[in-house]
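Here's a walk through the side-chain pairings of one protein model, starting with rings and ending with charges. Have a look at the structure first.

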Amino acid sequence: MDESRRPSADEALALAAESDLAALMRAAAALRDRGHGDLVTYSRKVFIPLTQLCRDVCHYCTFAHPPRRGERAYLTPDEVLAIAKAGEAAGCKEALFTLGDKPERRYRAARRELADLGHETTLSYLAEVARLVLAETSLLPHLNPGTMTAAEIAALRQVSVSQGLMLESASARLCQKGGPHFGSPDKRPEARLETIRLAGELGVPFTSGILIGIGETRRERLEALLALRELNDRYGHIQEIIVQNFRAKPETRMADAPEPSLDELLWTIALARLLFGPAMTIQAPPNLSPGVLARLLAAGIDDWGGVSPVTPDFVNPEMPWPQLEALARETGRSAKLLTERLAIYPAFAAQGERWLDPALRKPVLDASDSDGLARTDGWVAGTSAPPPSETPKGAPPHRPDGTLGRILDRARAGQTLSEPDIVTLFRARGEAFAAVCAAADELRAEVNGDAISYVVTRNINYTNICYFRCQFCAFSKGKMSENLRGRPYDLDTGEIARRTREAWARGASEVCMQGGIHPDYTGQTYLNICRAVKDAAPDIHIHAFSPLEVWQGAHTLGLAVPDFLAALRDAGLGSLPGTAAEILDDEIRAILCPDKIDTEQWLAVMKAAHGVGLRTTATIMYGHVERPEHWARHLLRLRALQAETGGFTEFVPLPFVHMEAPLYGKGRARKGPTYREAVLMHAVARLALHPHIGNIQTSWVKMGPDGAKACLAAGANDLGGTLMNETITRAAGASHGQEMPPESMEALIGSLGRAPIQRTTLYQPAPQSRVTASFGAPALATAVNPAPKRPARGQPARQPIRPGLAAGDNAGAVGSAD
């Protein structure tokens, strides 16, 4: 059997006679592992049976029943919402609406009740209650409405992230008299296939599959799978293929029908995997096969479907869902990790503009991690939410082997990892997560010892007026951003000097200065700031000006970047912060900051700075629209430049703080990294940048004290600065304080059993006089941020420099910036 390609239709049908089940399962499992690795997914759902009336009379079904005296035909909106909110409280992400097919066409009671609800059809009412669940909860609706017209599918697409319809069988024979689908017009294969086709045309993420053991032959199963494959090849819309085994139920016409054997189920699962290949999700419901879940995994499945901690399986009420803890254990015994997903699968969530109605893109992003799987913790960067339980707790019970073990060994040896290697590390979960964090912490101990460093610094953000259009920034103030936190301000050099003198008196060895790109600022402004600081405190280190400020300053003076950097150095600049990096990949920069410097320009400024003797830091701002592949490229670009120049002093991960960010407000970004991702960023950076960048800093402002401690146990060795003033992260909505004085810094470090070291910007021990002055420092005077001066009447507006735009696009009034 050639596993490198999918079998053709004829080859697939020939497999109906294949009896070597063990060989089929081995081939299927290998394909599954190629596409899904060690992850097996499930959706934490709540089951909402909107109506159990149905015009069809399937001979095996106990879900559908005729109208019953004293019972409502439909759940009311309040009942729907009560079920949904119970699911939300239990951590569910999916609202699964299941219902009978078009009962109003069969039952007068259904028509009367729909009229009372203000609807003519069941599907119209379904749209209303799905919209209600979307509006009132965080759940994402998945709808199983039966056969539909194009107009019905399109209407429901506006209120659901995915829809589903089991093909069950492509055999018309089963609809004949005596067959299980006789008398059920919606079970005609051509009607069901047409609905699935229309869903593809309309761009609806779709679930389908087959029901085995209801009288079909093996060949007919394969024909059904091939019909689904053909539609998916055409439209690419099928998210998963379900292989469901018939279970006989009392009081049905098929109560005494034989159920399919386990071998038949395994054979069908394996063939589904072989027909669809490694990427497709193949699912089997775990509650229908208790006690043999390991066998289902061995046959090639990678998903258990929806599992509810709140509601029963109304379609198979006699078969309770497994407890999630038990399901995780069973999955783990097969060396797989149970991982929660959403109702919309990652590949579809990543292409939300194609697969989702605009109103649904933000709810999906809110619920997603960087892989498009479910965000499973409530931690958010910059908030006081406590870290979840997935925190590094020392070394795992054994060192990993296989691919992960080999990657970690290469990283420890200082070898350059490939992009796929680094992505593998970023996608670590469960024991793999613990192993990556432990390997990073071991490497940190070898490189840095057990000391944790910090610097006493004062942040001086001299203006928040900026003409650039960075979509993640809530700090800068332009014409279109006055609704964000804070008012526009612009410090003069006198106030900058005052804050510098105060910082020096409080033990600071550094001032860190950055700001918006004010339309009136030139390179001379930055030179004047440096001179003002040095006049105020000659021995203080100036750590200032992002590569964007350097680029803009150089161009306003008509200087080459290296020449301007040399002028800044001569005016007192000591080093550059590595901000404005965001993600060093132009695919992402085109979304985040299209008019800023691009990746090559950022790297060029840093290389030039290193060339004139200025050390710099490096950062990454992550957790918004990018994916692990972009993180890997970012790290590799930093590593390559550091190998060439040796100019970076440290790497600083900056998790995206989403609360006030314009990009998030527009529904176009995730709400920052998950906790796992944030900790991993520090751990993977330690591994991927070794041995070239030896210091990994964690931001207590963004991670919070407890999150920072976790990062210091996962490869980080530095706690950053005391700050004194912090405005950029707080403008984005963060709640952590503006200052962590040395007393608090050292208490936090001591709680980890590690030794604190107060350092300088360049990672030398701080002079004892600075250390002494920093403890017991007096309170800061109230800082005043003066409103900007109005330009003189008749003064011409300066032409803004936007290096990220083509020359022809670099025009436009300053006032147009937001």
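Is Tyr74 buried or exposed? At 2% relative accessibility, Tyr74 counts as buried; the label buried stands for under 20% relative accessible area, exposed for over 50% and partly exposed for anything in between, using a 1.4 Å probe and protein chains only. Before going further, some ground rules: this is a predicted model, where local features need pLDDT of at least 70 and side-chain atom pairs count only at pLDDT 80 or more, while totals for chains, interfaces and linings use all residues. Residues are numbered from 1 along each chain as its sequence is written, and side-chain values use heavy atoms, with hydrogens and water left out.

**Rings**

A pair of aromatic rings is described by the distance of the centres and the angle of the planes. Here, rings of Phe, Tyr and Trp (its six-membered ring) pair if their centres lie within 6.5 Å; planes under 30 degrees apart are stacked, over 60 edge-to-face, and the rest tilted. The structure holds 12 aromatic pairs. In one of them, the rings of Tyr74 and Tyr125 have centres 6.0 Å apart and planes at 85°, so the pair is edge-to-face. Tyr74 lies in the loop between β1 (39–51) and α3 (77–89) and Tyr125 in helix α5 (residues 122–136), so the pair ties together parts that are 51 residues apart in sequence. Helices (H or I, at least four residues) and strands (E, at least two) are DSSP runs, numbered from the N terminus. Tyr125, at 0% relative accessibility, counts as buried.

Next up are Phe426 and Trp631: their ring centres are 4.9 Å apart and the planes sit at 70°, so this pair is edge-to-face. Phe426 belongs to helix α16 (residues 419–426) and Trp631 to helix α24 (residues 628–645), so the pair ties together parts that are 205 residues apart in sequence. Both Phe426 and Trp631 are buried. Elsewhere, ring pairs link Tyr462, Tyr521, Tyr526 and Phe545 into a cluster.

Rings also meet charges. A charge sits over a ring if NZ of Lys or CZ of Arg is within 6 Å of the ring centre and within 35 degrees of the ring normal. Arg218 lies over the face of Trp267, at 4.0 Å from the ring centre, and Arg759 lies over the face of Tyr763, at 4.0 Å from the ring centre.

**Salt bridges**

Count a side-chain nitrogen of Lys or Arg within 4 Å of a carboxyl oxygen of Asp or Glu as a salt bridge, and you get 55 salt bridges. Among them are these:

| Salt bridge | N to O distance |
|---|---|
| Glu201 and Arg197 | 2.6 Å |
| Arg444 and Asp450 | 3.0 Å |
| Arg676 and Asp369 | 3.9 Å |

Glu201 and Arg197 both lie in helix α7 (residues 189–201), four residues apart, about one turn of the helix. Glu201 counts as partly exposed at 48% relative accessibility, whereas Arg444 counts as buried at 3%.

What about Arg676 and Asp369? The pair links distant parts of the chain, with Arg676 in helix α26 (residues 675–689) and Asp369 in the loop between α14 (358–367) and α15 (402–412), 307 residues apart. Arg676 is buried, and Asp369 counts as buried at 4% relative accessibility. Salt bridges that share partners join Asp369, Asp371, Arg427, Arg429, Arg627, Glu629, Arg676 and Glu677 into one network. Taking contact as heavy atoms within 4.5 Å, and not counting residues up to four places away in sequence, Asp369 touches Ala374, Arg375, Arg429, Arg670, Thr674, Arg676 and Glu677.
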